[in-house]
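Let's take a friendly tour of some packing details. Have the sequence and the 3D view open as you read.

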Amino acid sequence: MKDKKKIMVFIDWYVPGFKAGGPIRSVFNIVCALKEDYNFFILTSAYDLGDTEPYKEIELNRWMDEDGVLIKYLDKDHIKNAVIKHNVDEINPDMLYVNGIFSRYFSILPIRIGKAKKIKTIVAPRGMFGEGALDVKRFKKNLFLKYTSLTNMFEDVIWHASSPFEAKDIQSKVAKINRIVIAGNIPSVQKSSYSKLSKLKTYDQIKLVFVGRLNKIKNIDKVIEWVCHVQYGKKIILDIYGGGDDIEFTKYLQNISTSNNHLEINFKGFIPPDQVNKILPKYHYFISLSSNENFGHSIAESLSNAVPVIISKNTPWRNLQDKGIGWDIEIEKELFLNTLQDAIGIDPIAYNKMAENAYNFFNQEILNQSLLESNKSLFEDEGN
């Protein structure tokens with residue numbers, strides 16, 4: 001039998017971390033889905049996003065077998081060039097799978113090592129080329145991209161785009177492109193039947209939910225400000241799950257939130273990924289007006305839990321109203337208010353149909369064998 005390929009994965013944060021959001025879930029899901037086909041070696045930091053203390057009950061700086069996947073969590077003293085290079089030499093992988101593009105030790109250095117050692121290197125930008133993402137520290141990022149162009153840093157890599165939209169972002173920002181492979185992100189799966197998820201929309205209250213990082217890209221401040229202007233005779237509840245590393249912005253969100261007799265806004269804090277499928281079925285609509293979303297695991301998870309969504313057009317999820325599973329709209333106050341007004345005014349029978357459509361769309365259109373095969377092709381294609 002042919003030996004399984006050794007794939008060395010680089011990522012700043014990995015499970016049990018979850019504060020960095022989607023990229024962790026994207027990598028975790030692809031590894032879980034394909035670990036029977038490949039030997040994965042994951043090199044990551046020993047910290048969750050924003051934390052100064054390493055994960056508890058995890059042995060640091062050594063390879064550990066976690067359900068058939070070898071993972072090494074590096075503490076701060078071991079996150080350095082010599083250690084990263086030593087680990088690549090130790091594993092002698094068939095290919096490198098790099099997640100992100102701006103991290104010194106978990107993106108830039110592995111790409112350079114792959115180039116120097118002529119190891120096939122796949123780079124997944126994880127949405128970092130999107131305009132919304134580039135707006136954060138834009139000058140510094142643009143300077144770096146000019147540097148990569150002058151040094152041909154990316155000339156040998158194969159790009160993993162999670163959608164045609166991300167492929168266009170890569171093409172617009174990278175000077176010399178070797179190849180781009182489009183393979184959609186593998187979403188987390190809940191195993192409940194629709195009958196266990198279905199819920200009759202009542203007229204006593206509408207429950208809205210947001211799950212994600214509390215940063216400016218997500219525009220959760222606009223959601224909070226605008227939802228206060230919705231006209232509805234009954235109660236509206238907006239529960240916000242997540243946190244962020246920008247303490248001042250988080251405080252700002254809490255200060256602008258206004259609850260009254262008809263509106264209740266609750267900050268629920270971080271929620272571990274394995275709890276998301278337990279809380280989503282309690283809500284009627286998932287809301288996100290992100291300026292940039294490479295995939296949107298929370299969107300996919302909402303649909304899988306029969307929760308219609310109201311999201312911005314800055315995601316791969318498009319034409320949702322035609323599909324009868326929600327709305328994708330421009331980030332504009334009156335449009336948002338009109339859309340939300342329409343959503344909360346839907347009668348129970350029509351709502352239940354929309355919820356069922358969301359559940360079926362996830363299971364029939366998103367979670368299918370072709371998705372797994374396209375991800376597998378990333379590591380099977382021998383071309384350069």
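## Helices H2 and H3

At roughly what angle do the axes of helix H2 and helix H3 cross? Please keep in mind that this is a predicted model. The axis of H2 (residues 81-91) and that of H3 (residues 104-117) cross at roughly 50° and come within 10 Å. That angle is why H2 counts as oblique to H3, and the crossing is right-handed.

On the H2 side, the contact involves Asn-81, Ile-84, Lys-85, Val-88 and Asp-89. H3 brings Arg-104, Tyr-105, Phe-106, Leu-109, Ile-113 and Lys-117 to the contact. Sorted by type, the residues where H2 meets H3 comprise six nonpolar, one polar and four charged.

## Thr-121 in strand S6

Next, have a look at Thr-121, which belongs to strand S6 (residues 120-124). Is Thr-121 buried or exposed? Its relative accessibility is 4%, so Thr-121 counts as buried, the cut-off being under 20%.

The side chain of Thr-121 reaches the backbone oxygen of Ile-119 at 2.9 Å. Setting aside neighbours within four places in sequence, Thr-121 is in contact with Leu-96, Val-98, Gly-114, Val-157 and Ile-158.

## Helices H8 and H13

Another helix pair to inspect is H8 (residues 220-227) with H13 (residues 333-345), whose axes lie 10 Å apart at an angle of about 65°. H8 passes H13 in a right-handed crossing.

Which residues make this contact? From H8 they are Val-223, Trp-226 and Val-227, and from H13 they are Lys-333, Phe-336, Leu-337 and Leu-340. This contact of H8 with H13 has six nonpolar residues, no polar ones and one charged.

Definitions and conventions:
Residues numbered from 1 in each chain as written. Predicted model: local features only at pLDDT ≥ 70, side-chain atom pairs only at ≥ 80, totals over all residues. Heavy atoms only, no water. Axes fitted to C-alpha atoms, helices over the stretch in contact; angles between N-to-C directions. Helix = DSSP H or I, 4+ residues; strand = E, 2+ residues; numbered from the N terminus. Parallel < 35°, antiparallel > 145°, perpendicular 65-115°, else oblique. Left-handed = near helix turned anticlockwise from the far one by under 90°. Contact = heavy atoms within 4.5 Å. Nonpolar A, V, L, I, M, F, W, Y, C, P; charged D, E, K, R; others polar. Buried < 20%, exposed > 50% of the residue type's maximum accessible area, 1.4 Å probe, protein only. Polar contact = N/O pair within 3.5 Å; in protein donor to acceptor, adjacent residues only side chain to side chain.
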